[in-house]
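Welcome, and thanks for taking a look at this chain. Below is a short tour of its side-chain pairs, helix packing and backbone details.

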Amino acid sequence: MLRDRCGKGFANMAETPRFYLTTAIDYPNSRPHIGTAFEKIGADVQARYRRMEGYEVHFLMGNDENTIKVARRAAELGQDPKAYCDDMARQFQDVWRALEISYDDFIQTSEPRHHEGCRKFIQKVYDNGYIYKGTYEGWYCEGCEAFKTETEVAEAGGVCPNHRVPPVRRSEPCYYFALSRFQDRLLKFYEANPDFIQPESRRNEVLAFVESGLQDVNITRTGQTWGIRVPFDEQFTIYVWFDALLNYITAIGYGSDEERFQKWWPADIHFIGKDITRFHCALWPAMLFAAGLEPPRRVFGHGFVYNRGRKVSKSDQDKKKGDVSEPTDPMEIIDRFGGEAFRYYFMRECPFPGDGDYTWDRFKEVFNADLANNLGNLYSRVVRLIAQNYGGHLEQTAGREPGVIYTDVDTETTVEQVQAHIEACQYNQALEKIWRQILDPANQYADRREPWKLVKTDREAAKGVLFDLVEQLRAAAILLKPFLPRTAETIYRSFNFKQPWEEVRHEDVWVHPGQVDDLRLLAPLVDNKVKPLFPRMT
RNA sequence: CGCGGCGUGGAGCAGUGGUAGCUCGCCAGGCUCAUAACCUGGAGGUCGCAGGUUCAAAUCCUGCCGCCGCAACCA
C-alpha cells in the first residue's frame, strides 16, 4: 500500500527548509591526516543525507590561516604567506575532492571577505562594551615570539618546549573580551537547549567548565604583521580563536551581504573535534551574544581516530611517508583503494561520537568482508544471473510489486532506523543496519531459493527471485547514497528503476515506486559479468 | 580530590536491568550464480578486580587496578 509521500516529509513542499552545516577550519601547517578526514566525511554524510531529504543545504569548510605558525612556516620556505596559504588550500581541497566531500564553499581566513567581516564583528562587540583594554602577563619565549601557557612551560621542565630555553616573564597591553559576563546567560542557554552540545559526555564537560567560572580572554596580539588588524587600535592583531570562529558567519555574508547572512544563520550544526568543544560551546556563543546575534543550533564534538591506539601526530605522518606497510596519509590510502573504501572504513569502524582506531590490517579486513565479499559480491552474482539466464531483461515484470524477503525487521523499520541513526550522527550504526538487515538477508535469500538451480525447472519462479533480489540492491543503493555516493550510483544505474537517481529519497525504499517497464539490466557487461565494485584485497 | 573515555570468547567491537551478540580467525558441512566469493552448523567468554542495590546486573552504586585522551592555538 502506497503512503502519502508528503506525509513524512514537509507539510508544504514549496517551503524548502534550509540546513547550514560546517566543519572546523584546519591549520594549513601540514597536510590533512586521517583524523581531519574523519570529520569531513562525517559532515559530508550529513550534508548528502539532508540534500536527499529535500533540504536546501549549505556546507562550509575552510582553512584557518591567520596564525603565527603559518607566517613562520612561509618564511622558512621563503614564500609569501598568502601564496603559501593558497597552495596549502589547494592541497587540502585535492584531498577533500578525492574523498567526494560535497562542500559548497571553502573559506580561507586570509580572504578579504573574512578580514572585513571580522573587523566589523569585533568593532560591534567593542561598541557594545564587551571589550576592554588591559595588560597580559605571562611566560614569553623570545624564540617563538609568543606567550607560553603555565602548563606548557611546566611540562617541558621550565623551558620553552620548542627552543629549550627558559621563557621570560613579560607583560604587555592587550584587549580582553568580557567572557565572564556571559556565564549565567550561557548556563541558561544550555538549560533551554539540551541538544545544543552533543554527544552527552561533551555537554557534561562544558557544563562543568562554565559552572567552574569563566575568565575574560585576551583577544589580541602585538608585533604581528600577518593576521587581522583590530579596527579600533591598528597596532594589534586579532587572536586566532576570536578570528577563526567567525569564519562560520563571514563565509555566509556577515558584514557584507545581510540577506544571505539572514538566510543561513544560525547554523544547524557545527562539526568539530572534541578537543575544541569549549571554544565552540562557551566562547563562540558568548561572542555571538556580545554582537547581538543568535548562537548556532547544535555543536557536535566527534571523537578521535587513532593509529594503532596512538594519536596520529603530524610528525609521525611525515616520518612514515612512503611506508607502504601501513599508510596513514589519506591520499596514499585513497590512491590505492579509492575514496569510497576510505569513507566506508571510517564511517563503519569508528563511532562518530566516540573514538576509533585505524590499522592497515583492520582496513583490509573490513574492505574484504563488507565491501568485496558482501555488497560487491551480491551485486556481481545478481547481475550475472540476470544477464546469463534472461539476457538482461526480466520480461513481464512491469508494474510488479517486489516480494518480501524474509527478515527479522521489515524494510520500513530498517529505513527509519537508518534515518534516525544518521540524524544522530551514529553513522556506524546506520551502516550496520544496512548490512545486517538488507544485504545479509539478500545473500541468505539467494542461497535459500537457489535461482541458479530454479531457473532450470521453473523460469518464472527464478525470475521472481531475481526481481526480489534486485529490489534489495535498490534499497541498499538508496540507503548508501550519503555514505558511498559513487558505488550507490553505480548499483542504482545498473537497472532501469523508475525514480531518477538525483531525486531518490529514503522514503522511496519502502514506498516502492514500482517498475513502469520490465526490469532491465543497464550495467556494462563483459562475458555477462560486471566489473567488481570492490576487487578483493589479498 | 582538574576533566573525560576505555577494560566483553584468539583479534577488533556492539550491547545502559531479564536466556551474552556482530565481524574477522578457527573446525565441520553445504552450494557452485558470484570477486576461492555465498549459505548452514560448531568450538571458544565466571563481560578488569572486590564489594553493594535488586526477584534479576556486562548493564545501577561504591572502592580499587590497568590503559588512553584532554587540560583554554594539535580534529
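## A salt bridge to start with

A salt bridge here is a side-chain nitrogen of Lys or Arg within 4 Å of a carboxyl oxygen of Asp or Glu. Arg 493 is partly exposed at 39% relative accessible area, and Glu 489 is partly exposed too, at 29%. For these labels, buried means under 20% relative accessible area, exposed means over 50%, and partly exposed lies in between (1.4 Å probe, protein chains only).

A word on conventions: this is a predicted model, in which local features need pLDDT of at least 70 and side-chain atom pairs count only at pLDDT 80 or more, while totals for chains, interfaces and linings use all residues. Residues are numbered from 1 along each chain as its sequence is written, chains are lettered from A and ligands numbered from 1 in the order in which they are written, and side-chain values use heavy atoms, with hydrogens and water left out.

## The chain as a whole

Chain A comes to 20 helices and 17 strands. Helices (H or I, at least four residues) and strands (E, at least two) are DSSP runs, numbered from the N terminus. Of the 538 residues of chain A, 56% count as buried.

How much of the contact pattern comes from residues 24 or more positions apart? Among contacts in chain A with a separation of 6 or more, such residues account for 76%. Contact means heavy atoms within 4.5 Å.

## More salt bridges

The structure holds 28 salt bridges. One of them pairs Arg 90 with Asp 87, at 2.8 Å from N to O. Both residues belong to helix H3 (residues 81–98), where they are 3 residues apart, about one turn of the helix. Arg 90 counts as partly exposed at 43% relative accessibility, and Asp 87 is partly exposed at 28%.

Another salt bridge connects Lys 274 and Asp 355, whose closest N and O atoms are 3.0 Å apart. This pair links distant parts of the chain, 81 residues apart: Lys 274 is in the loop between S11 and H11, and Asp 355 is in the loop between helix H13 (330–349) and strand S15 (356–358). Asp 355 is partly exposed, with a relative accessible area of 34%.

## Two helices that pack together

Two packed helices are described by the angle between their axes and the distance between the axes. For H7 and helix H11 (residues 277–290), the angle is about 55° and the axes are 10 Å apart. The axes are lines fitted to C-alpha atoms, for helices over the stretch in contact, and angles run from 0 to 180 degrees between N-to-C directions. H7 and H11 are therefore oblique to each other; angles under 35 degrees count as roughly parallel, over 145 as roughly antiparallel, 65 to 115 as roughly perpendicular and the rest as oblique.

Which residues make the contact? H7 contributes Arg 202, Val 206, Phe 209 and Val 210, and H11 contributes Thr 277, Arg 278, Cys 281 and Ala 282. By class, the contact has 5 nonpolar, 1 polar and 2 charged residues. In this scheme Ala, Val, Leu, Ile, Met, Phe, Trp, Tyr, Cys and Pro are nonpolar, Asp, Glu, Lys and Arg are charged, and the others, Gly among them, are polar.

## Backbone details

Most residues other than glycine have a negative phi, and most peptide bonds are trans. The bond from Gln 198 to Pro 199 is cis, with omega near -5°, and Pro 199 lies in the loop between strand S7 (197–198) and helix H7 (200–211). The bond from Trp 265 to Pro 266 is also cis, with omega near 5°; Pro 266 is in the loop between helix H10 (258–264) and strand S11 (269–273).

Glu 450 has a positive phi, near 45°, in the loop between helix H16 (427–449) and helix H17 (451–457). Asn 528, in the segment after strand S17 (519–520), has a positive phi of about 60°. Glu 450 counts as partly exposed at 28% relative accessibility, and Asn 528 counts as partly exposed at 28%.

## A buried threonine

Is Thr 109 buried or exposed? Thr 109 is buried, with a relative accessible area of 0%, and is found in the loop between strand S3 (105–108) and helix H4 (112–127). Leaving aside neighbours within four places in sequence, Thr 109 has contacts that include Ile 25, Asn 63, Asp 64, His 114 and Asp 243.
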